[in-house]
Each structure stands twice: as structure tokens, then as C-alpha cells.
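Okay, thanks for coming, everyone. Let me put the structure up and then walk through some spots in it.

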Amino acid sequence: MTIERKSWDEYFMEITEMVATRSTCDRAFVGCVLVNEDHRIVSTGYNGSLAGNPQCDEIGHTMRDGHCIATIHAEMNALLYCAKEGISVKGCTAYVTHFPCLNCTKALIQSGIVGICYKSSYRVDEYALELLKRNNITLKKFD
């Protein structure tokens with residue numbers, strides 16, 4: 001009997017969606033999972049306020065120019081955990097529920113990731129696409 005296994009992309013995207021359920025900013029439930037070349041999870045992140053500070057779901061949003069400025073994006077939370085703990089993300093792939101914003105795209109590229117797999121085409125930035133192409137980052141939309 002042969003069991004049909006999920007692909008790595010399916011597997012990690014399901015985990016990413018579960019991570020997103022921890023989000024505390026209800027403007028978007030976003031999750032990020034950083035995975036190394038050996039298919040091991042290096043870090044996870046979801047969007048929310050600074051640790052130890054009031055969360056959007058408790059006190060509401062702090063809005064400026066149409067954005068909640070209290071929220072740290074999921075990708076940044078995943079990267080910042082690695083920075084805090086001294087964990088390299090060089091060569092990792094980022095699995096994200098939503099296409100990363102421009103600042104998260106730049107941070108992911110600068111950190112040494114080699115790929116991004118995303119599910120939702122939320123606010124796809126043309127310059128982010130240009131940077132990903134220029135830096136040879138594999139970009140895959142998960143269907």
C-alpha cells in the first residue's frame with residue numbers, strides 16, 4: 001500500500017496557515033515559516049505588536065496612512081527571532097500566507113533567503129518583484 005504524501009510546499013504552507021492563526025492584528029492574519037535546505041523549520045512568525053505590549057485585538061489599531069503601525073509583520077517576526085537567537089537563515093525559503101510587503105521583501109533578501117512561496121497575492125509591489133528577480137530569489141505562488 002502506497003501512501004500519497006503531501007509535497008513539501010503543501011506541508012509547509014499548511015503549517016504557515018496554522019501559524020497565522022496566532023496573529024493579533026485582525027486586519028490580516030499572516031504567517032511566515034522559514035525553512036532550510038534540509039526541509040527543517042528554522043523559525044516561525046505571525047503579525048502582532050511588540051512582545052509584552054498591548055495587542056491590536058486588545059486595544060484596537062494604531063493607524064497611520066492606512067496601516068497599523070503597532071504591528072510587526074510575520075516575516076519580520078520570524079527574522080527577528082533568528083537575529084535574537086543567532087540563527088542563520090542563509091539558504092532558507094520563506095513560506096508566507098501573503099505576498100511580502102516591500103520592506104519585508106527587502107529584509108528577506110538581505111537576510112540570505114533563496115526563495116519565497118506565498119499563497120495570497122495581497123498588495124503585490126512591482127518594485128518587490130523587481131528586487132526578487134534582480135537578486136535571483138525563487139518566487140512561487142502556492143495554489
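Start with Thr71: if you skip its neighbours within four places in sequence, Thr71 is in contact with Cys25, Asn47, Gly48, Ser49 and Cys56, where contact means heavy atoms within 4.5 Å. Thr71 is in the loop between strand E4 (67-68) and helix H3 (74-85). Helices here are DSSP runs of H or I with at least four residues, strands are E runs of at least two, and both are numbered from the N terminus. Thr71 has 14% relative accessibility and counts as buried; buried is under 20% relative accessible area, exposed is over 50%, and partly exposed is in between, with a 1.4 Å probe and protein chains only.

Quick housekeeping: this is a predicted model, so local features need pLDDT of at least 70 and side-chain atom pairs count only at pLDDT 80 or more, while totals for chains, interfaces and linings use all residues. Residues are numbered from 1 along each chain as its sequence is written, and side-chain values use heavy atoms, with hydrogens and water left out.

Now, the cysteines. How many disulfides do we get, if a disulfide is a pair of cysteine sulfur atoms within 2.5 Å? The count is zero. Cys25 is in no disulfide, and its nearest cysteine sulfur, in Cys56, is 3.8 Å away. Cys25 is also buried, at 3% relative accessibility. Then there's Cys92: the closest cysteine sulfur belongs to Cys82, and at 7.1 Å that is too far for a bond. Cys92 is buried too, at 1% relative accessibility.

Over to Tyr95, in strand E5 (residues 93-98). Tyr95 is buried, with a relative accessible area of 6%. Leaving out residues up to four places away in sequence, Tyr95 touches a list of residues including Trp8, Phe12, Met13, Val33 and Cys117. Tyr95 and Ile116 are 21 residues apart in sequence, yet their C-alphas are 5.9 Å apart in space.

Next, helix packing. H3 and H4 pack at about 30°, with axes 9 Å apart; the axes are lines fitted to C-alpha atoms over the stretch in contact, and angles run from 0 to 180 degrees between N-to-C directions. So H3 and H4 are roughly parallel, which covers angles under 35 degrees, with over 145 being roughly antiparallel, 65 to 115 roughly perpendicular and the rest oblique. From H3, Glu75, Met76 and Leu79 meet Cys104, Ala107, Leu108 and Ser111 of H4. That contact divides into five nonpolar, one polar and one charged residues; Ala, Val, Leu, Ile, Met, Phe, Trp, Tyr, Cys and Pro count as nonpolar, Asp, Glu, Lys and Arg as charged, and the others, Gly among them, as polar.

What about H4 (residues 102-111) and H5 (residues 126-134)? Their axes come within 9 Å and cross at roughly 10°, so H4 is roughly parallel to H5. Here Leu102, Thr105, Lys106 and Ile109 of H4 meet Tyr127, Ala128, Leu131 and Leu132 of H5. By class, that's six nonpolar, one polar and one charged residues.

Most residues other than glycine have a negative phi. His39 isn't a glycine, but its phi is positive, about 65°. You'll find His39 in the loop between strand E1 (31-35) and strand E2 (41-46), partly exposed at 33% relative accessibility. Arg123 also has a positive phi, near 50°. Arg123 sits in the loop between strand E6 (115-120) and H5, and is exposed, with a relative accessible area of 52%.

Notes:
Disulfide = S-S within 2.5 Å.
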